[in-house]
Amino acid sequence: MADMNEKLAAAGKTFADVASTKKPAPAVQEGTLVRETGTPDMPVEEIEIRELLDAVTRIRHEEWRLIQICASKVAEDSYEILYTFGRAYDIRNLRLCVHGNDRISSITSIYEVAYLYENEIHDLYGIEIDMMNYDFNGKLFRTVIPTPFR
Amino acid sequence: MISTASCSVPSFRHRSGDERTVMADNSIKKISIVPFGPQHPVLPEPIHLDLVLQDEKVIDAMPSIGFIHRGLEKLVDKRDFKEFVLIAERTCGICSFGHSLGYVEAVEKIMNLETTPRTKYLRTMWAELSRLHNHLMWLGLLADAFGFESLFMDCWRLREKVLDMLELTTGGRVIFSVNKVGGLKKDVTPEMLESILKTVDELEKECRIVTDTFLGNGDVLSRMVGVGKLSPERAEELGCCGPFLRASGVRRDLRLQGYEAYGELNFEPVTALEGDCYARCKVRIGELYQSMDLIRQTIAKMPDGPIEVPVKGNPDGEYMARIEQPRGEAIYYVKANGSKFLTRYRNRTPTFANIPGLIETIRGAELADVAMMILTIDPCISCTER
């Protein structure tokens, strides 16, 4: 902190100046997510990694069941993770983007059955997922090439 | 990895050399871990379970899959979206038609292709023939697990008649290769439809004899009634699907969404309330007769006309098609960027969704019943691992 203050002083600024110019993170309010994409046939709600657990908890409280989780490669070292939930015959999707060595939280504390999907994503794409209730440590799929879909 | 809460209580080594554990009620139990599979007489495909046993009772189970992962989904990089139907179909030898149907449904939706009525009816007919094929095969495996060899052969003899119908109409007995984006590759003649109707009538009569044995035999009842119970709430929470879910009393069948020609047919999902192995058997037997009825309905209403529509351009967008495969809800996620190669194809198969439910039913069961419980979810590991 002292180093940072010295650097700011050298630049003729204070910490308060920097903090006020920092763009605030979008607030995630009850029932509204950051943005919606997809089509009417396949609605997708886009979220940030840090919003995942809040969003999934809210969905769980609305009595949606987990249908699937899958990852897709969108660019080199950049992936999308799609969470699909169902209620009766309706589905809804949450999507988040993962770059480089981003780690995401496991949702197994909210949906216990997510462990198979999360281990699959870890084994095929090498995306690190924290706090899984059952962690196969990369041995769910016995692939010859490590993380073959990466 | 394995939750062995009960292992944390005091344990000692018995004079026989076994580890024994003092339980909360001061009884002394032996805790051991028994590997089940991947090769087991009741398993046609490899899945492994580590069973944590307290004497003969299973207190926990840990699934292990991945012995035959083929990475078929990755082949979207090498096969264009029209060729990929053939790859999707080869995911499994039993649900092959359903996999190609789910895939083309997703691609057609992205491309806004409305297939012809005849295509829809023919696809529905083949999907129901596949269900007949699957359920008869499963009944045979169940009979085999009981040790009823004659019944096993009888079920598979009946299944041969279904395969003959499939061969007659598509040319293939396991892989049909009739689906394509925008329609079908093969049409059927009125004589073929007449022949199917006749065979279905014969099949129904013969199936009654076989299924009455499953539903009324004392040995079958003693092995299945009250075994592997799953409540509807837990089945729903654990994401179960298909006959496994409906046997717990949840009335969910994706055919009710009305994809292909199902919206124009009369049927009600077959359900049972008991949630045990017997209920799962009962639901599948009910679905056998339901499929025969649906085949008759599709043939009665079969429209004339073309079997394909022209396909122009490449898909651009994403869609998640959901269909009711013989084993349950299957999901086909397709993402495309306007080129002829898709960016992602994802197939979530029914068995993948049913594994957590299976583990739940195994907990608290007797070791001797585990094989029966695994069998009653009708696992398909080829599909699961893709």
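The buried residues of helix H4 of chain B are B:Leu151, B:Asp154, B:Cys155, B:Leu158, B:Arg159, B:Val162, B:Met165, B:Leu166, B:Thr169 and B:Thr170. A residue is buried if 20 or more other C-beta atoms lie within 10 Å of its own, exposed if 12 or fewer, and partly exposed in between, with C-beta atoms placed from the backbone. An α-helix has 3.6 residues a turn, so residues three or four places apart point the same way. On the other side of H4(B), B:Glu149 and B:Ser150 are exposed.

The model is predicted; local features need pLDDT of at least 70, side-chain atom pairs count only at pLDDT 80 or more, and totals for chains, interfaces and linings use all residues. Residues are numbered from 1 along each chain as its sequence is written, while chains are lettered from A and ligands numbered from 1 in the order in which they are written.

H4(B) spans residues 149-170 and has 22 residues. Helices (H or I, at least four residues) and strands (E, at least two) are DSSP runs, numbered from the N terminus. From its first C-alpha to its last, H4(B) reaches 31 Å, close to the 32 Å expected at 1.5 Å a residue. That expected span is 1.5 Å times one less than the number of residues. The buried residues of H4(B) pack against helix H3 (117-146) and helix H5 (190-216) of chain B. Packing rests on contacts, defined by C-beta atoms, placed from the backbone, that lie within 7 Å. B:Met153 also lies in H4 of chain B. B:Met153 counts as partly exposed, with 13 C-beta neighbours inside 10 Å. B:Met153 and B:Leu141 are twelve residues apart in sequence and 9.5 Å apart in space, C-alpha to C-alpha. Just after H4(B), B:Gly171 takes a positive phi of about 95°.

Chain B also holds an open sheet of three strands in the order S8-S9-S10, with antiparallel pairing. Two strands pair if DSSP finds at least two bridges between them. Strand S8 (316-325) and strand S10 (342-348) of chain B are the edge strands, each pairing on one side only. The twist averages 10° from one strand to the next. Helix H2 (residues 96-110) of chain B packs on this sheet and touches S8, S9 and S10 of chain B. The direction of H2 makes about 145° with that of S8(B). Axes are lines fitted to C-alpha atoms, for helices over the stretch in contact, and angles run from 0 to 180 degrees between N-to-C directions. Helix H10 (residues 350-362) of chain B lies across S8, S9 and S10 of chain B, running at about 130° to S9(B). Strand S9 (residues 328-337) of chain B and S10(B) pair in the antiparallel sense over six bridges. B:Lys335 stands opposite B:Arg344 in S10(B).

Chain A has four helices and seven strands. Along the sequence, their pattern is α-α-β-β-α-β-β-β-β-α-β. Of the 150 residues of chain A, 32% count as buried. Among contacts in chain A with a separation of 6 or more, 41% come from residues 24 or more positions apart.

Strand S5 (residues 90-99) of chain A has both kinds of pairing. Strand S2 (residues 42-47) of chain A runs parallel to S5(A), and four bridges join the two. A:Glu45 stands opposite A:Leu94 in S5(A). Strand S4 (residues 78-87) of chain A pairs with S5(A) in the antiparallel sense over ten bridges. A:Phe85 has A:Arg92 as its bridge partner in S5(A). The hairpin of S4(A) and S5(A) has two residues between the strands.

A:Ala88 counts as exposed, with 11 C-beta neighbours inside 10 Å. B:Asp378 is found in the loop between helix H11 (367-376) and helix H12 (381-385) of chain B. B:Asp378 is buried, with 24 other C-beta atoms within 10 Å.

At the interface, 22 residues of chain A are in contact with 27 residues of chain B. Strand S3 (residues 65-75) of chain A gives the most to the side of chain A that touches chain B, with six residues. By class, that side has 13 nonpolar, five polar and four charged residues. Ala, Val, Leu, Ile, Met, Phe, Trp, Tyr, Cys and Pro count as nonpolar, Asp, Glu, Lys and Arg as charged, and the others, Gly among them, as polar.

Definitions and conventions. Two residues are in contact if their C-beta atoms, placed from the backbone, lie within 7 Å.
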